[in-house]
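Here is a friendly tour of the model shown below.

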There are 2 protein chains.
Amino acid sequence: MERLHKIGFSKLTSVEDALKKLFSIIKSAQSFEINTIDSLNYTVANDIKSIIDIPHFDRSAMDGYALISEDSFGASINAPKYCKNIGINEIGEVSNISLNNFEVVRISTGAQIPKGADAVVKIEDTEIDGDTIKIYSPVGPGKNITKRANDIKKGEIIIQKGTQLKPEHIALICSQGINKIIVRKEPKVSIFGTGNELIEVGKILEKKQIYNSNTPMISNLVKLYGGRVIEENIIEDNKELIKGSFLNAISVSDIIIFTGGTSVGTKDYLPELMDKNAYILAHGVAMRPGAPILIANKEDTLIFCLPGTPVAAYIGFLKFVGPSIKKILNSINLDPREECIASIKEDVPVSSIGFLHNLRIRIEKEKTQLIAVPIRLKGSSMISSLTKSDGIVEISPFQEGLKKADPVLVKLHPK
Amino acid sequence: MERLHKIGFSKLTSVEDALKKLFSIIKSAQSFEINTIDSLNYTVANDIKSIIDIPHFDRSAMDGYALISEDSFGASINAPKYCKNIGINEIGEVSNISLNNFEVVRISTGAQIPKGADAVVKIEDTEIDGDTIKIYSPVGPGKNITKRANDIKKGEIIIQKGTQLKPEHIALICSQGINKIIVRKEPKVSIFGTGNELIEVGKILEKKQIYNSNTPMISNLVKLYGGRVIEENIIEDNKELIKGSFLNAISVSDIIIFTGGTSVGTKDYLPELMDKNAYILAHGVAMRPGAPILIANKEDTLIFCLPGTPVAAYIGFLKFVGPSIKKILNSINLDPREECIASIKEDVPVSSIGFLHNLRIRIEKEKTQLIAVPIRLKGSSMISSLTKSDGIVEISPFQEGLKKADPVLVKLHPK
């Protein structure tokens, strides 16, 4: 009597342990130089330090008149103070004007404060009368002056290594005059969808077939996470074809992703292939959807065999593949999904304690809180449960479920 | 006696009114056909309808045996039911097996349910004894079967027009076999930084100059929002040069963005240029930072003159330019920033009622809530107030400020 079928995933690895094993073997990507302006979404390899003070001179924060503040003391609408306009300081121009008492210099926002001045009175509080400027409002010392190094001090770390660069970071680096920076190379990723049932999008569907939607999904997730797709293909359930694709990909890929064929079905060849040709870190993780995931490595190449059902493949990517890409990039943030806290709309009971559950939810905005509306807890084949949802609430393996109005942390789908 | 200086922005347009005027003149971009797999981040021009049911046949949700459910009734570990295995249904293969009572068919997850069967018993609840399969657990009708059209019905709208495509949308469209879709063309954007003080990143900084950080910031924001930068340059404060660049850009750009030279400084030429060569929709908006913004149009080209201070330029982009790009793309979501609700850490008084204030905040995560830590309310020159913050809390023109522990809506910086 055969008991083989009973084996299945008798021993599941916890998500936490699988990630620990995985991260322990990951090496950082090499780095290269790139123009700062072209660095959007790249991850910086080294701390970037400032090389100049910003601002690098005391500058005016207003359009107005630079003056010695005490000359304005006591000024009011009815009793203005009178000063002599002795010149003009424009932005970007060099001037050597020096101020004495009861002298002012017309100054634009961003222009250098003239020698002698310790404040700027804004133009709305003045009036011109020939060479004389009437000051209608007093200003204290330092008023409307942005001091040198107020924003950034020379030598401080302005961008931490492992930061993924966004427009505001690029602006900050450019403001330092740094036109080239060192970033991590994008990990090279090969993606294979396995299964006799798969046909290419655009062909005519025959009975029992399904269109390949996993590899387009995964390849676009790889792009969002900062990897580079070097191969994307579907392979039929044929041991030799799968093995051939795998061995070809090994030498050129940092990551190989299979979808389908990871479970204990009669045509699930991948576990055997990995057992013989790689080192299996985990096969079967305590997560739903996504339990049949297999994670392996062959030297520095990571191999992820994700389930063929699209939602399980998606969640398997978010939980294991994406963070591995980020770890290779030596990123500060291994799970870059944006997070919010919401109140769960209804009870969500969970029957199988011990599993990390991925509840897909939609966010509704109320006046003072966000509401997480459960879309689907179970089922891994419905892609519409992803497109109809905004994010995922993870229910920990130790939780029996969620009670209505519980605050929950929502991980929004990657954008 | 000259009162010119007093004029300034005596009349500010509210942010709401400026957006209303702006949106009322915006026309949607043309559309074009693209391969579904290459459509990441594009915005779909038309509703996409499903052309097949998903699944398009009744399929098994488990590895196991398809059977007539009533044959399993009463089964238990101690009293299994016995059935005859009459064949196998594999994924992607066509089979015409038909079941009678006390017959089962071995079936893989995703394979078609054989004729006659109305349930699947999972493999863990069975045992093989030659041709005989022992069933240890009863299954009700429909158990472990995913019915045809359970995910998607043929003819329903699966992607709404105006959706920006993410990996899960691409997967859904591919699952329909739709390999080409119609998306909006990226608006063409020209960007000019104006100011004598600006020098190109990489050159040597002279006294009173500053490195150009605005155009790299804006051009990368344009990319994130789905526009295409066709020109990016800095121009010195010279009427004729600015006019020349403007007139050249008009005929080839959907959007022209200037930074700097928008206020009432002595060298702010842009208001005059726009007055003579375009139609000004708003000059001066009731927003801080960002008040000196000028918005104009010349036929179908939109013109945004943003302040030269980087934070004001950034916020001006987020509030006006980005939503205009999205409106041109006919996007469902004109402000694509992710949102969360947090509790404000401390009182934030606001002195000037009537302005929309943009408070930069950092998010801290506590157990059951997010805390918004104010970084900076005022000041528009400090880029570090952007890189050190996670998002912006808008304080409405009618609010006197925020009280500690108030719930606030945070708009996270675009990613």
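## Chain A as a whole

In chain A, take the contacts between residues at least 6 apart in sequence: 70% of them join residues at least 24 apart. Two residues count as in contact if their C-beta atoms, placed from the backbone, lie within 7 Å.

This is a predicted model, where local features need pLDDT of at least 70 and side-chain atom pairs count only at pLDDT 80 or more, while totals for chains, interfaces and linings use all residues. Residues are numbered from 1 along each chain as its sequence is written, with chains lettered from A and ligands numbered from 1 in the order in which they are written.

## Elements and overall form

Chain A has eight helices and 28 strands; these are DSSP runs numbered from the N terminus, helices being H or I of at least four residues and strands E of at least two. Its radius of gyration is 31 Å, well over the 22 Å that the globule rule gives for 415 residues, so chain A is more spread out than a compact globule. That radius is taken over C-alpha atoms, and the rule is 2.2 Å times the number of residues to the power 0.38.

## Strand 21 of chain B

Five of the six residues of strand 21 (residues 301-306) of chain B are buried, so this strand is largely enclosed by the rest of the structure. Buried means that 20 or more other C-beta atoms, placed from the backbone, lie within 10 Å of a residue's own.

Strand 21 of chain B pairs in the parallel sense with strand 17 (residues 255-259) over five bridges.

Note on methods
A residue is buried if 20 or more other C-beta atoms lie within 10 Å of its own, exposed if 12 or fewer, and partly exposed in between; C-beta atoms are placed from the backbone. Two strands pair if DSSP finds at least two bridges between them.
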